[in-house]
Amino acid sequence: MVNLVESSGTVAGNPAAAGNAAVAELLTQPWIIETLRELAARHPGSLRRVAELRALDASSPIFWPFHAPPLPLCTAEAWGARIRDVDGNEFVDCHLGWGAQALHGHNPEPVVRAVREVLGRSTGNGYFPPVALEHMKLLAELLPHCEKFALFNSGTDATYAAIRLARAYTGRRLVAKVEGGLHGVHDLAMHNTAFWYHGHPMVDFPPAGPEGVAPVSPLAGVPAVDAQDLLVLPHCDELAWELVERHRHELACVIAEPVSSSFPFEEKSLPFVKGLAETCRRVRVPFILDEVLTGFRSGIHGMAVRYGIPADLITYGKVISALGLPLSAVGGRAALLDAAQTSGMSLADLGHKTCLNTTHLGNHLALVASHASLSLLRDQGEAYYDETRAKVAWLRGAVRRFGETHDIPIYLVGFGDFIGSFAFLADGPLRNVRDLARAINPIAMYVLTLLLRKRGVFTFSMPLLFTGGAHSREDLELVYDRLTDALLEMKRHRFPFVLAS
Ligand code: PMP
């Protein structure tokens with residue numbers, strides 16, 4: 001078994017270079033080169049376009065640092081849980097636009113129809129179209145724990161806005177986040193975030209002690225924050241609750257996900273986050289629950305209601321939008337949200353109100369699409385969630401049994417209904433993000449991604465599985481068949497599923 005961790009220590013002073021050497025050794029095995037060749041031969045049209053695009057477009061999802069997919073596809077069409085590339089290859093799509101299309105799949109007919117009806121006569125942005133009021137009423141019905149809402153375009157906007165609102169309300173500056181938390185790409189959010197942005201398990205986590213975790217952003221262009229701005233709390237550790245109590249007079253807010261994609265284990269995360277939220281309530285520090293991923297995806301009211309997590313503000317993104325039209329929201333206590341709403345006298349707003357408005361905020365087409373999509377979900381009601389949970393429980397069990405039978409440490413890990421990934425996990429305790437980062441072999445995940453692609457299962461850059469109404473049970477059975485076939489291929493070639501410790 002190749003020991004990536006050990007070999008990363010062998011190139012003096014440059015663990016990343018050593019890690020790269022070990023990665024190169026694994027990925028230049030003849031059978032992997034052959035797989036890449038075979039895939040490239042199937043995608044001449046994509047390859048040609050990708051090369052041209054690279055020269056012109058830095059921000060396409062296919063060029064996203066840390067998450068770029070192997071041999072990117074140029075995707076021509078999408079319907080339900082299927083996509084087709086420009087070369088005519090068809091795939092079962094488990095990526096579904098980073099989960100944003102997981103509710104009903106790509107291009108659900110009633111949503112497309114609703115948007116078509118307004119196209120050509122809608123006002124564009126910067127107005128109050130009738131759908132805005134209808135949609136607010138629907139949000140209030142689906143999220144009865146929120147008194148008021150504000151709409152934005154992305155999850156990043158929503159968490160940024162929630163922090164700004166909490167700062168405006170409290171007049172304080174310090175924000176606390178949990179190590180490993182993913183809240184988008186604004187500067188504060190990009191500190192101590194998911195381990196894949198930090199290079200783990202190749203690169204060590206920053207120091208942690210009784211004062212919390214040292215704030216770090218390994219990303220170019222993100223200035224190191226001030227201790228007045230950010231307090232990083234240890235993950236799944238009661239010290240986090242104590243730190244909040246200790247800093248209660250400085251804290252503008254604490255932000256946390258109910259369960260994070262950096263640590264997709266509900267049963268371990270929820271008691272910690274609930275304790276954090278309850279501490280905030282007790283010491284009167286606003287708590288922001290980031291439900292960008294879990295909103296409408298853990299029962300219709302989300303995790304705040306399902307698990308009774310008290311929050312002052314809650315952020316929504318992903319499936320609140322539909323057809324990929326950007327929309328996000330902050331919901332919660334009116335007292336905090338009111339900082340974003342005029343007093344009615346513009347001049348009297350100075351010094352009391354904040355500004356979060358942007359030109360395309362609450363996009364008019366996104367509102368129509370979101371309204372149609374969430375109305376469908378409301379009409380499906382509990383049946384939607386029962387069906388999704390049954391499909392996922394079946395797949396999770398089948399994958400585990402297969403792993404046990406073939407001695408492959410493969411799991412379907414994930415949360416809600418359903419946000420997850422196929423993952424190889426080394427033995428050992430999984431108490432927090434650090435343990436998970438150590439247990440994962442990112443190279444094996446990359447190879448599995450390639451092998452799934454070869455078998456017509458599209459998971460973008462890692463073996464993700466976002467699902468919901470998008471996939472039928474038959475779709476997931478097909479994913480299972482292709483997955484198990486891919487795993488047997490890895491086993492035949494003795495690929496290391498986990499890193500030796
Ligand atoms: N919060 C959470 C919990 C997320 O997972 C993400 C996206 N991965 C964001 C915020 C940022 O959302 P967006 O990509 O729409 O900016």
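How many salt bridges does the rule find across the interface of domain 1 and domain 2? The rule, which requires a side-chain nitrogen of Lys or Arg within 4 Å of a carboxyl oxygen of Asp or Glu, finds 1 salt bridge across this interface. The model is predicted, with local features needing pLDDT of at least 70 and side-chain atom pairs counting only at pLDDT 80 or more, whereas totals for chains, interfaces and linings use all residues. Residues are numbered from 1 along each chain as its sequence is written, and side-chain values use heavy atoms, with hydrogens and water left out.

The protein is divided into domain 1 (4-106 + 382-492) and domain 2 (145-341 + 354-380), with bounds that come from an automatic or database domain assignment. Their contact (heavy atoms within 4.5 Å) takes 41 residues from domain 1 and 43 residues from domain 2. Between them the two domains bury about 3500 Å², of which 65% lies on carbon and sulfur atoms; buried area here is the accessible area (1.4 Å probe) that two parts lose on being put together, summed over both. F415, V433 and R434 supply 20% of the area that domain 1 buries against domain 2, more than any other three residues. The side chain of R434 also meets that of E179 in a salt bridge, at 2.9 Å from N to O.

Attention then turns to N363. This residue is buried, with a relative accessible area of 14%, where buried means under 20% relative accessible area (1.4 Å probe, protein chains only). Leaving aside residues up to four places away in sequence, N363 touches N125, N153, P326 and L327.

Note on methods. Buried < 20%, exposed > 50% of the residue type's maximum accessible area, 1.4 Å probe, protein only.
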